[in-house]
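Please keep the sequence and the structure in view while reading.

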Amino acid sequence: MELIEEIRLYSLTNSLYAQYMEDVDKQIQRLTPTALKISKCYTAFTAGKEQFDEAYKQQTKNNLTEELLEKDQARDDRYRCFLGHVKADINNVEAEKRAAAKRILNWIGSFKDVLRATRRAQSADMTEMGAKLSEEPLSADVELLGQTENLNQMIAANEAYKELSLERTETRKDTLLNAVKEARTVLDDAYRNVVAMVNSQVTLRELSDEADEEESGSDGPSIQSLSEPVDVLTDFVRSINALIKEYKTEVAQSGANPEPDDEPETPEEPETPEEGTTETPDTEEPTQEEPDDRPTV
């Protein structure tokens, strides 16, 4: 008897979770909820999936991390460009330019390593640094070295990052922080109900078949049953189990190992040797195994 296996849903990242539920939905639609006799459960599943998709879409829409990363890289590049040109003038043949470069570098050196600071700290440092270098007397040194344009580009790149960072903060104020988590809880329950309904039908059918065979006095399945094509329930169970296997592999390869939400299972009692035997239990050191996929049905 094949039943849908367990999968620890909490082990899936939001992106994997979204894809898994999408794959399950496609399998249900392929065989139809009516044929699987899960129409009522599927209605709840669809509603839960829509709620999750909307919450996840909103989160993704407001997630400007990638764009912020690009702007952070841009201001780092502008800073390196400006700093590199100033450092080059430390060895300038003109004494006046060497002195100007030294004064600029002394001011920049008053900050800790700007590029290793947190992004907010870097924003503050570059703002203060740019303001000071744009004022006398250091602005004259920057102009003497011909680095006014590079300085202005560095300041502009830093301001662009700060502006986008504020935009992200503003968009997040209307986002429910727990929207995705709550939506996953709803969809988890709906998914488990679908699985429970399918598994219960398979189990009931198996018990019914056994009862029919006992009544007919048959010792095994009939030739007719062996020649029948795979029914929708078996097809669905095998398809979902194949998906579960793939997603468990994906999770294992990712190396993630979150703490389970469920209570730990009670370990099985070790087998005791039969009375009258001298066999001792195996004391071989257990090997470290990879954790199972996370979501449990």
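## Helix α1

Helix α1 covers residues 14–31, which makes 18 residues. From its first C-alpha to its last it reaches 26 Å, close to the 26 Å expected at 1.5 Å a residue; the expected span is 1.5 Å times one less than the number of residues. Helices here are DSSP runs of H or I with at least four residues, numbered from the N terminus.

The model is predicted: local features need pLDDT of at least 70, side-chain atom pairs count only at pLDDT 80 or more, and totals for chains, interfaces and linings use all residues. Residues are numbered from 1 along each chain as its sequence is written, and side-chain values use heavy atoms, with hydrogens and water left out.

The buried residues of α1 include Tyr-17, Ala-18, Tyr-20, Met-21, Val-24 and Ile-28. Buried means under 20% relative accessible area, exposed means over 50%, and partly exposed lies in between (1.4 Å probe, protein chains only). Asp-23, Asp-25 and Gln-27 are also among the buried residues of this helix.

## An aromatic cluster

The structure holds six aromatic pairs. Rings of Phe, Tyr and Trp (its six-membered ring) pair if their centres lie within 6.5 Å; planes under 30 degrees apart count as stacked, over 60 as edge-to-face and the rest as tilted. In one of the pairs, the ring centres of Tyr-17 and Phe-52 are 5.0 Å apart and the planes meet at 70°, so this pair is edge-to-face. Tyr-17 belongs to helix α1 and Phe-52 to helix α3 (residues 39–61), so the pair ties together parts that are 35 residues apart in sequence. Tyr-17 is buried, with a relative accessible area of 0%, and Phe-52 is likewise buried at 0%.

Phe-52 also pairs with Tyr-56, and these rings are stacked, at 5.6 Å centre to centre with 10° between the planes. Both residues lie in helix α3, four residues apart, about one turn of the helix. An α-helix has 3.6 residues a turn, so residues three or four places apart point the same way. Tyr-56 is partly exposed, at 22% relative accessibility. Tyr-17, Phe-52 and Tyr-56 form one aromatic cluster.

## Charges over rings

The charged end of Arg-75 sits over the ring of Tyr-161, 3.9 Å from the ring centre. Lys-132 lies over the face of Trp-107, 5.7 Å from the centre of that ring. A charge sits over a ring if NZ of Lys or CZ of Arg is within 6 Å of the ring centre and within 35 degrees of the ring normal.

## Backbone features in the loops

Most residues other than glycine have a negative phi, and most peptide bonds are trans. Just after α1, Thr-32 takes a positive phi of about 75°. Thr-32 lies in the loop between α1 and α2 (33–36) and is partly exposed, at 32%. Lys-37, in the loop between α2 and α3, has a positive phi near 60° and is exposed, at 62% relative accessibility.

The peptide bond from Glu-136 to Pro-137 is cis, with omega near 5°. Pro-137 is placed in the loop between α6 (119–133) and α7 (138–144).

Technical notes
Helices (H or I, at least four residues) and strands (E, at least two) are DSSP runs, numbered from the N terminus.
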